[in-house]
Amino acid sequence: MIEAILVAGAVVCAVRAIRATQLLSSALWLAGVSALVSILLYRLGAHQIAVIELSVGAGLVTVLFVFAISIAGDDGLTERTFLPNWLAVGLIALFIGLLAWMVLPLDEPALATAEAAFESVLWGDRALDVLVQMVMIFTGVLCLVMLLKERAPSARRGSLVSGRELARPSAAARGNGHRPAIAVIEPEPSPAEVEDIHA
Amino acid sequence: MNAMTMIALAVMGLVGAGLYGLLITRNLIKVVIALQILVKGALLALVAAGQASEQVNLGQSLAVTVIVADTIVAVVGLGLAVQAKRLLGTLDVKALSNLRG
């Protein structure tokens with residue numbers, strides 16, 4: 001009975017996360033899905049994964065979503081769709097029907113037998129997975145740093161030459177030893193900007 | 001209806017909701033949310049399969065890898081969304097088609 005309530009809650013939260021018109025609401029519904037899934041995992045006997053899912057899925061990822069939404073803002077794109085709604089619902093109903101036809105009914109799981117501890121399985125048998133996780137984390141951090149790197153200030157002002165090109169002499173200048181000409185002339189500050197600087 | 005059948009229904013519901021989101025939405029952040037829901041269904045299926053085969057800890061070990069990969073996908077996807085908003089002024093996935101060579 002408890003499983004039925006948890007499953008229904010998780011699916012309802014997932015559908016609400018997809019159908020919500022505001023991105024912040026979607027992120028909060030997603031946090032609800034994570035919390036309910038972590039309870040289901042705990043009741044399945046996967047205690048460590050339940051704790052990790054609750055802290056990472058419902059905590060860290062939700063904070064990341066709220067942070068990204070506060071930076072990017074809501075674009076009002078929720079009304080535009082790739083496919084007509086009836087076609088998407090029909091395809092998903094067909095998919096779920098086929099999956100249920102292949103999978104159901106399932107037998108009750110057997111009683112848990114003695115097996116190696118989670119730590120020994122993770123660090124012993126699945127050591128390569130741990131290595132891959134470290135590589136993924138490193139790659140993800142590098143990708144994020146490269147993605148969120150600020151552009152040079154001169155490029156943001158819409159000038160003709162970026163800051164890196166200004167710092168590097170041109171090929172012609174390197175050939176004859178002349179210093180490169182500065183191609184960008186900064187505009188004079190307006191009186192209002194001068195007042196702001198003095199203030 | 002036993003517990004494993006309920007878990008199978010949860011997996012179907014979560015994967016279906018995630019796929020539905022991927023089919024209909026054009027918002028880049030919403031796409032990442034749909035991917036998160038899809039992966040949560042896969043995570044539940046992994047742990048349930050581990051329990052069905054009496055290897056709960058093996059299922060948990062694989063689930064840790066899935067959680068790490070899922071979080072990295074979310075971080076990179078949200079970074080991409082923020083940068084797309086800065087450069088293109090929109091979160092529309094169709095606007096990214098300008099990247100084609």
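This is a predicted model: local features need pLDDT of at least 70, side-chain atom pairs count only at pLDDT 80 or more; totals for chains, interfaces and linings use all residues.
**Figure 1. Confidence in chain B and in the model as a whole.** The residues of chain B average a pLDDT of 87. A score of at least 70 is reached by 96% of the residues of chain B. For the model, the ipTM is 0.91 and the pTM is 0.77.

**Figure 2. Confidence along chain A.** The mean pLDDT of chain A is 77. Of the residues of chain A, 69% reach 70 or more. Within chain A, helix α2(A) has the highest confidence, with a mean of 92. The lowest is found in helix α8, residues 163-167 of chain A, where the mean is 45. Over residues 156-183 of chain A the pLDDT is below 50. Beyond near neighbours in sequence, this stretch has 25 contacts in the model.

**Figure 3. The helices of chain A.** Chain A has ten helices and zero strands. Chain A has 199 residues, of which 18% are buried. Taking contacts in chain A between residues at least 6 apart in sequence, 35% join residues at least 24 apart.

**Figure 4. The overall form of chain B.** Chain B contains three helices and zero strands, in the order α-α-α along the sequence. The radius of gyration of chain B is 17 Å, whereas the globule rule gives 13 Å for 101 residues, so chain B is more spread out than a compact globule. Taken along the principal axes, the C-alpha atoms of chain B fill a box of roughly 50 × 25 × 20 Å. Buried residues account for 60% of the 101 residues of chain B. Of the contacts in chain B between residues at least 6 apart in sequence, 48% join residues at least 24 apart.

**Figure 5. Helix α1 of chain B.** This helix, α1(B), has 22 residues. From its first C-alpha to its last, α1(B) reaches 32 Å, close to the 32 Å expected at 1.5 Å a residue. Because 18 of its 22 residues are buried, α1(B) is largely enclosed by the rest of the structure.

**Figure 6. Helix α2 of chain B and the residue after its end.** Helix α2(B) has 25 residues and spans 36 Å from first C-alpha to last, close to the 36 Å expected at 1.5 Å a residue. Most of α2(B) is covered, with 20 of its 25 residues buried. Just after α2(B) comes E54(B), which takes a positive phi of about 60 degrees.

**Figure 7. The side of chain B that touches chain A.** How many residues of chain B are in contact with chain A? There are 63, and they are in contact with 76 residues of chain A. On chain B, at least two residues of this side come from each of α1 (3-24), α2 (28-52) and α3 (56-88). The largest share, 24 residues, comes from α3(B). By type, the residues on this side of chain B are 38 nonpolar, 19 polar and six charged.

**Figure 8. The largest nonpolar core and I29(B).** The largest nonpolar core has 70 residues. Those with the most contacts inside this core are A10(B), I29(B) and L44(B). Both chains contribute: α1 (2-19), α2 (23-44) and α3 (47-72) of chain A, and α1, α2 and α3 of chain B, each supply at least two residues of the core. Leaving out residues up to four places away in sequence, I29(B) touches L23(A), A68(A), I69(A) and A72(A) in chain A. In chain B, on that count, I29(B) touches L78(B), A81(B) and L91(B).

**Figure 9. The surroundings of V31(B).** Not counting residues up to four places away in sequence, V31(B) touches L22(B), T25(B) and V93(B). The C-alpha atoms of V31(B) and L78(B) are separated by 9.9 Å, although these residues are 47 residues apart along the chain.

Notes:
Residues are numbered from 1 along each chain as its sequence is written. Chains are lettered from A and ligands numbered from 1 in the order in which they are written. Two residues are in contact if their C-beta atoms, placed from the backbone, lie within 7 Å. Helices (H or I, at least four residues) and strands (E, at least two) are DSSP runs, numbered from the N terminus. Ala, Val, Leu, Ile, Met, Phe, Trp, Tyr, Cys and Pro count as nonpolar, Asp, Glu, Lys and Arg as charged, and the others, Gly among them, as polar. pLDDT is the predictor's confidence in each residue, from 0 to 100. The expected span of a helix is 1.5 Å times one less than its number of residues. A residue is buried if 20 or more other C-beta atoms lie within 10 Å of its own, exposed if 12 or fewer, and partly exposed in between; C-beta atoms are placed from the backbone. A nonpolar core is a set of buried Ala, Val, Leu, Ile, Met, Phe, Trp, Tyr and Cys residues joined through C-beta atoms within 7 Å. The radius of gyration is taken over C-alpha atoms; the globule rule is 2.2 Å times the number of residues to the power 0.38.
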